[in-house]
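Hi everyone, thanks for making time this morning. I'd like to walk you through a structure that may be new to you, so please have a look at it while I talk.

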Amino acid sequence: SFGRTVVAPWRSSVTFECLTLGDPEPKVSWWEANARRQLLISDDKVQMSSSALALRDVGASDAGNYSCVADNPHGRDEIRYELIVRGESGSGGEQGR
């Protein structure tokens, strides 16, 4: 597993990639680590697929850690992302949970 920090301007869009290989093809799930909850449903703000998670119009409440977990009978791997949102309401500072 590995990770990456993503710094995004307030109200911008962010995409986290999750490219997998395996036989059988791994099952992919997305997690919001701060809330310890699996992201299950796409909506106007969150779009997810097996290869990407996209967040639109990010704000302070979106800052935090996200994980892509890929599982198959041969093992499990995880990609972790830390999202930092900057400049909310013109403050220019980092926003987080």
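**Around strand β8**

Let's start with a pair of strands. If you'd like a spot to look for on screen, find V7, which stands opposite I84 in β8. Before I go further, please keep in mind that this is a predicted model.

Now, which strand pairs with β8 in the antiparallel sense? That is β7, residues 64–72, and the pairing extends over 9 bridges. Here you can look for N72, which stands opposite G75 in β8. To get from β7 to β8, the chain passes through a hairpin of 2 residues.

Let's zoom out to the chain. How many helices and strands are there? The count is 0 helices and 9 strands, and along the sequence that reads as β-β-β-β-β-β-β-β-β.

What about contacts along the sequence? Taking those between residues at least 6 apart, 62% join residues at least 24 apart.

Finally, the surface. Of the 97 residues in the chain, 36% are buried. The chain exposes about 6,100 Å², with carbon and sulfur atoms supplying 47% of that area.

Terms used:
Residues are numbered from 1 along each chain as its sequence is written. This is a predicted model: local features need pLDDT of at least 70, side-chain atom pairs count only at pLDDT 80 or more; totals for chains, interfaces and linings use all residues. Side-chain values use heavy atoms; hydrogens and water are left out. Two strands pair if DSSP finds at least two bridges between them. Helices (H or I, at least four residues) and strands (E, at least two) are DSSP runs, numbered from the N terminus. Buried means under 20% relative accessible area, exposed over 50%, partly exposed in between (1.4 Å probe, protein chains only). Contact means heavy atoms within 4.5 Å. Accessible areas come from the Shrake-Rupley method with a 1.4 Å probe; for residues, only the protein chains shown count as cover.
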